[in-house]
Amino acid sequence: MSVSPVVPPASAPTLSAPTQAELLDFARRAAADAELIASLPLDPEGRTWVRLEGPGGSEAWLIGWPPGTGTGWHDHADSVGAFVTAAGELKEYSLTARLPTDGWKTLELTEDIDRERQLSAGKGRSFGRHHVHEVLNESTEEHAISVHAYYPPLPRIRRYSRTGQVLRLEHVERPSDWQ
């Protein structure tokens with residue numbers, strides 16, 4: 001989907017790389033902007049997105065989630081990030097341990113490594129580099145909308161499959177795959 005960038009509420013200029021807290025603050029302010037949220041075209045079949053101007057050169061996105069959609073397991077490589085649910089509810093499944101960054105195709109995960117969060121409207125979180133997670137709209141009836149911000153702008157996204165405690169690297173996406 002190609003839509004012109006939308007600029008969320010103004011903030012103080014960032015002179016250095018934005019921190020996770022600054023990205024989360026940006027995502028919270030953008031998620032609270034009713035006009036911005038209403039501007040996102042929603043598709044009943046697939047996720048929709050609009051690129052936003054994030055703070056300090058960060059990459060930011062407004063994302064619409066039809067019922068039953070999700071990201072699958074992935075990470076954001078060397079970027080830190082944050083996201084906030086603006087409407088509806090999202091569920092995040094994540095791993096509590098940092099994984100090796102390169103040089104592997106399959107990992108056997110230890111027990112008690114999983115974390116689960118329900119993120120209703122107004123709720124969000126930040127995360128560090130190499131954070132492995134999946135985000136889902138588990139509703140069968142309602143769209144969800146969220147705001148995401150990453151710094152540095154995403155150099156790649158690694159996609160994984162998971163069966164039980166086995167995590168397998170499936171492929172790597174580059175910015176040209178989603179922009």
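Author: Contact means heavy atoms within 4.5 Å. Axes are lines fitted to C-alpha atoms, for helices over the stretch in contact, and angles run from 0 to 180 degrees between N-to-C directions. Helices (H or I, at least four residues) and strands (E, at least two) are DSSP runs, numbered from the N terminus. In this predicted model, local features need pLDDT of at least 70 and side-chain atom pairs count only at pLDDT 80 or more, while totals for chains, interfaces and linings use all residues. Residues are numbered from 1 along each chain as its sequence is written, and side-chain values use heavy atoms, with hydrogens and water left out.

Reader: Across which strands does α1 lie?

Author: Helix α1 lies across β1, β2, β4, β8 and β10, and runs at about 20 degrees to β4.

Reader: In what order are the strands of the open sheet arranged?

Author: Two strands pair if DSSP finds at least two bridges between them. Here 5 strands form an open sheet with antiparallel pairing, in the order β1-β2-β10-β4-β8. Because β1 and β8 each have a single partner strand, they stand at the edges, and one side of each is left without a neighbour in the sheet. On average, neighbouring strands of this sheet are turned by 20 degrees against each other, direction ignored. The antiparallel pair β4 and β10 is joined over 7 bridges, and T85 stands opposite S146 in β10.

Reader: Which members of the largest nonpolar core touch the most other members?

Author: A nonpolar core is a set of buried Ala, Val, Leu, Ile, Met, Phe, Trp, Tyr and Cys residues joined through side-chain atoms within 4.5 Å. Buried means under 20% relative accessible area, exposed over 50%, and partly exposed in between (1.4 Å probe, protein chains only). The largest such core has 20 residues, of which F26, I37, L52, L62, I145 and V147 touch the most other members. Helix α1 (20-31) gives the most to this core, with 6 residues. Leaving out residues up to four places away in sequence, I145 touches several residues, including I37, L62, W65 and V84.

Reader: Is D112 buried or exposed?

Author: D112 is exposed, at a relative accessible area of 77%. H130 also has a phi near 60 degrees, but H130 counts as buried at 6% relative accessibility. Finally, a cis peptide bond joins Y151 and P152, with omega about -5 degrees; P152 lies in the loop between β10 and β11.
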